[in-house]
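Here are a few notes to read alongside the model. Have it open while you go through them.

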Amino acid sequence: MVRILFTSAGRRVELTRCFRRAAEKLGLRAEIHACDLEPELSAACLEAEAAFQVPRCTAPDYVERLLDHCAREKIDLLVPTIDTELDVLSRARERFAQAGTMVHVSAPETIDVVRDKERTISVLAAAGVPVPRTARIEEVRADPSGWAFPLFAKPVGGSASRGIGVLHSAADIRDDYPEPMLVQELLRGPEYTINMYLDARGRMRSAIPHLRISTRAGEVEKGRTVRDARMIAIAADIAAALEGAEGVLCFQLIDDPDRGPRVFEINARFGGGYPLADHAGGRFAESLLARVAGLTECASEHWREGVTMVRYDSAVFRG
């Protein structure tokens, strides 16, 4: 038996199923636990063996509530699913370890970088990773003549496509943004997500790019795996640049026809499109469970190109 807790479980049913299948391959049986603000309205919570309510991750008792559940239910692995909870869980991961729970999260220094999009661009650029030209929106407002419009604007600490927009001219720059904003050169071309796995020592074991054929609410709806050597090399450079990174990360890039690939986003967690990498043979969930069970991590480059995922809406009923 291996007990896995998914936090902010929401709609991540397919992710929980990836872990169930991974456990079976290792000769284990997965018992899925899940929590959310409203577990009775979460599909992943309704499919889990156990579900419970938690406050927002910004609440002072959030970690304590999770720790209590992990200790009481003997949770082996905790898997966060949203960016906003990574910081608090990263800083508490030793407390969870003392309770017997491994938290799937990178070190705080990694989370500090990836949760700040300005620092992300700076760290990656210093490591030679191709990124779009980026500046604070105040800099562009002060001297728009140095930029070629249209430009792309997004929050420094944004997530899930919140607050993004296109600036067609300097007149589109507002004076009343509710949070710090960045501006980047507007990239054109196909968009890709690269799911990558770093082992317990921070070494990249696998990187699986997929074309984002279409998206909905910032998450891939249709995708196809591609074996692009440029993108896999970029993944290796990102892994080397992020000291303290481990486990599953994903990043997005646009393959601009004039500039080439440019990385614009990193998420230090399982991304929404991970099930495609899993079905293609990525074995990331299996590798994490192997680590929990004291076995050899098994993520590798032996995955299939040209695997297509097409998502559809389904329903979970209770009562």
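**Notes on a predicted model**

1. By class, the second largest pocket is lined by six nonpolar, no polar and six charged residues. Here Ala, Val, Leu, Ile, Met, Phe, Trp, Tyr, Cys and Pro count as nonpolar, Asp, Glu, Lys and Arg as charged, and the others, Gly among them, as polar. A pocket is an open set of points on a 1 Å grid over the protein atoms alone where a 1.4 Å probe fits, with protein on both sides within 12 Å along at least five of seven lines; lining residues have an atom within 4 Å of a point.

2. Among the lining residues are Arg-133, Trp-147, Glu-185 and Asp-256.

3. This is a predicted model, where local features need pLDDT of at least 70 and side-chain atom pairs pLDDT 80 or more, while totals for chains, interfaces and linings use all residues. Residues are numbered from 1 along each chain as its sequence is written, and side-chain values use heavy atoms, leaving out hydrogens and water.

4. Now for helix 1, residues 13–25: its 13 residues reach 19 Å from first C-alpha to last, close to the 18 Å expected at 1.5 Å a residue. Helices are DSSP runs (H or I, at least four residues), and strands are too (E, at least two), numbered from the N terminus. The expected span is 1.5 Å times one less than the number of residues.

5. Which residues of helix 1 are buried? They are Val-13, Leu-15, Thr-16, Cys-18, Phe-19, Ala-22 and Ala-23, buried being under 20% relative accessible area (1.4 Å probe, protein chains only). Their cover includes strand 1 (2–7) and helix 11 (284–292).

6. After helix 1 comes Gly-27, with a positive phi near 75°.

Conventions: Buried < 20%, exposed > 50% of the residue type's maximum accessible area, 1.4 Å probe, protein only. Contact = heavy atoms within 4.5 Å.
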